[in-house]
Amino acid sequence: MIIEALYPELCNLYGDMANLRYLAACRPQAQIIQTQFQQTPAFCREPVDLLYLGAMPEDSQAMALRRLAPYAAALRDRIEGGMAVLATGNALELFGQGIAGPDGFLPGLGLFPYRSRRDMENRHNSQFLGAFRDMAVVGYKSQFSSSEIWQPFLTVQGGFGTDLQGKQEGVRHKNFFGTYLLGPFLVLNPPFTRYLLELLHSPGPLAFEQAAMEAYQCRLAALQVPGLNFRVGENG
């Protein structure tokens with residue numbers, strides 16, 4: 001199994017690189033490729049099972065897009081061919097049509113039809129409780145932007161959607177999973193991590209599974225308290 005993380009020196013906010021470290025701990029036999037900013041992505045020259053891209057500073061999104069633009073067609077082909085992708089935080093915005101903001105419109109990779117909007121005057125922080133298939137999903141959001149709903153990944157049960165208004169969160173297309181959730185996402189959600197590894201034809205136990213599940217159940221119980229205000233800073 002080959003897992004590639006793009007631009008770890010850039011896409012590393014909110015502890016999201018722990019997603020990669022957790023996958024490496026779960027499957028020590030996997031080949032982990034960390035593609036630096038000036039390097040050609042591995043998915044262009046060899047089959048990659050999972051591509052990971054984490055959250056980045058907003059002023060770095062243009063840099064990431066410039067580096068990825070020459071590989072957009074190859075990336076589209078890999079996704080349509082079944083390569084798994086996990087994009088967390090504002091990384092999901094790169095795959096859409098572009099990002100609108102006070103300084104104009106930043107064109108995206110154009111792989112999917114949604115658009116994003118950035119508002120640097122207002123940061124949204126919240127907890128999240130949702131569902132994917134038959135599993136609960138927990139996490140956190142901290143973002144200056146939002147995106148249009150298109151083929152959502154998660155159903156919102158508590159908290160805010162991708163557009164910060166509706167009850168749908170993230171993007172799901174074939175084996176592409178994009179979500180504004182941070183945390184890091186895979187560490188917080190061992191049931192989904194198990195699902196993802198099974199999708200990659202690597203079933204089996206997770207690293208630190210008992211501790212991870214206990215923490216997950218504790219967090220889940222806290223988010224299921226009736227009347228909880230999910231917006232951080234507004235709980236009294």
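**Figure 1. The whole chain and its contacts.** Residues 24 or more positions apart make up 67% of the contacts in the protein chain with a separation of 6 or more, where contact means heavy atoms within 4.5 Å. This is a predicted model, in which local features need pLDDT of at least 70 and side-chain atom pairs count only at pLDDT 80 or more, while totals for chains, interfaces and linings use all residues. Residues are numbered from 1 along each chain as its sequence is written, and side-chain values use heavy atoms, leaving out hydrogens and water. Six helices and 14 strands make up the secondary structure of the protein chain; helices (H or I, at least four residues) and strands (E, at least two) are DSSP runs, numbered from the N terminus. Of the 236 residues, 53% count as buried. Here buried means under 20% relative accessible area, exposed means over 50%, and partly exposed lies in between (1.4 Å probe, protein chains only).

**Figure 2. A close-up of Q36 in its loop.** Look for Q36 in the loop between β2 (31–35) and β3 (50–53). Q36 counts as partly exposed because its relative accessibility is 34%. Leaving aside neighbours within four places in sequence, Q36 is in contact with Y7, P8 and E9. E58 is 22 residues from Q36 in sequence, and their C-alpha atoms are 19 Å apart in space.

Figure 3. Side chains of opposite charge can pair when their charged atoms come close. The whole structure has four salt bridges, each a side-chain nitrogen of Lys or Arg within 4 Å of a carboxyl oxygen of Asp or Glu. In this view, the side chains of E46 and R45 meet at 3.8 Å, N to O. E46 is partly exposed, with a relative accessible area of 24%, whereas R45 is exposed, at 56%.

**Figure 4. The salt bridge between E80 and K174.** The closest N and O atoms of E80 and K174 are 3.0 Å apart. E80 belongs to helix α3 (residues 72–80) and K174 to the loop between β13 (171–173) and β14 (176–179), so this pair ties together parts that are 94 residues apart in sequence. E80 is partly exposed, at 37% relative accessibility, and K174 is partly exposed, at 42%.

**Figure 5. The salt bridge between K141 and E169.** Here the closest N and O atoms are 3.2 Å apart. Because K141 lies in strand β9 (residues 135–143) and E169 in strand β12 (residues 168–169), the pair ties together parts 28 residues apart in sequence. K141 counts as buried, at 2% relative accessibility, and E169 counts as buried, at 0%.
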